[in-house]
Amino acid sequence: DPYHYRNKVQAAFGVNRQGQIISGVYQSASHRIVPVSDCLIEDKVADRIIVTIRKLLKSFKIRPYDEDTGRGTLRHVLVRRGWRSGEILVVLVTAHGMLPGKRNFVRALLQQHPDITTVVQNINAGQTSLVLGAHSEVLYGPGYIREQLGDFTFRISPRAFYQINPVQTEVLYRTALEYAGLTGGETVWDLYCGIGTISLFLAQKAKKVYGVEIVPPAIEDARRNAALNGMENVEFFVGKAEE
């Protein structure tokens, strides 16, 4: 199904010339926001949550961050939704640690979307094109979601990489495993392993799998995912794959 398959949706927030709060995607090769309320490839629930956040901002006196003046608070919103689990992660990316009335804001958001599993505030204070910063604070729930892929359950935290098309991911991984032709005696290195999704698929057929990833929270998730699924022939390392 080529529609609404994208399980991760992120929106930039800003203010238009009329002073109205807008959210959407950046125009190519620019930081001009093109307003988006719904998209044919994005998860419908995630889109609705972003629209709700946009409407709530004014009543809570939360202003989008302005890159030119350095004023304001909210830079981006990221939403992940488990295709099988239905669990939902909402990440509010702010330019600093201050988020006015954040507990009440989260409460108001949950009233309209009670199916949200967890809400996290991520702080990105840098002048960067990266969406997420290094520091996060959990505002509601466990700070991660779980999702099923094949016979495995995976824990996904805000900064972890996870394939955005859940149905085709399963097809892709099973095809890769088939092409690898593993016989049970091999040692496999999964470079840029993320939270260990490919690693665990390969570990079903390999003697030993080593995963390498530069993002520490992703490796934390990968180790937990191996334990969660009872896979003992997998080991994960934080580091640069080329080293």
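Mentor: Let's start with a term: a cavity is a set of points on a 1 Å grid over the protein atoms alone where a 1.4 Å probe fits but cannot get out, and its lining residues have an atom within 4 Å of a point. The structure holds 2 cavities of 30 Å³ or more. This is a predicted model, in which local features need pLDDT of at least 70 and side-chain atom pairs pLDDT 80 or more, while totals for chains, interfaces and linings use all residues. Residues are numbered from 1 along each chain as its sequence is written, and side-chain values use heavy atoms, without hydrogens and water.

Trainee: How much space lies in the largest cavity?

Mentor: About 70 Å³. Its lining includes Val-9, Ser-23, Asp-38 and Ile-50. Strand 1 (8-15), strand 2 (21-26) and helix 1 each supply at least two lining residues.

Trainee: How do the residues of that lining of the largest cavity divide?

Mentor: They divide into 5 nonpolar, 4 polar and 3 charged. Val-9 and Ile-50 are among the lining residues.

Trainee: And what is the volume of the second largest cavity?

Mentor: About 50 Å³. Arg-80, Trp-83, Glu-147 and Tyr-162 are among the residues that line the second largest cavity, and strand 4 and strand 8 (145-149) each give two or more residues to that lining.

Trainee: What makes two rings an aromatic pair?

Mentor: Rings of Phe, Tyr and Trp (its six-membered ring) pair if their centres lie within 6.5 Å; planes under 30 degrees apart count as stacked, over 60 as edge-to-face and the rest as tilted. By this rule there are 6 aromatic pairs.

Trainee: Why is the pair of Phe-60 and Phe-105 called edge-to-face?

Mentor: The centres of Phe-60 and Phe-105 are 5.4 Å apart and their planes stand at 85°, so the pair meets the limit of 6.5 Å and passes 60 degrees. Phe-60 lies in the loop between helix 1 (44-59) and strand 4 (74-81) and Phe-105 in helix 2 (residues 102-112), so the pair ties together parts 45 residues apart in sequence.

Trainee: Why does Phe-60 count as partly exposed, and Phe-105 as buried?

Mentor: Buried means under 20% relative accessible area, exposed over 50%, and partly exposed in between (1.4 Å probe, protein chains only). Phe-60 has 22%, so it is partly exposed; Phe-105 has 2%, so it is buried.

Technical notes: Helices (H or I, at least four residues) and strands (E, at least two) are DSSP runs, numbered from the N terminus. On a 1 Å grid over the protein atoms alone, a cavity is a set of points where a 1.4 Å probe fits but cannot get out, and a pocket is an open set with protein on both sides within 12 Å along at least five of seven lines; lining residues have an atom within 4 Å of a point. Grid points are joined across faces, edges and corners, and a volume is the space filled by probe spheres set on the points. Ala, Val, Leu, Ile, Met, Phe, Trp, Tyr, Cys and Pro count as nonpolar, Asp, Glu, Lys and Arg as charged, and the others, Gly among them, as polar.
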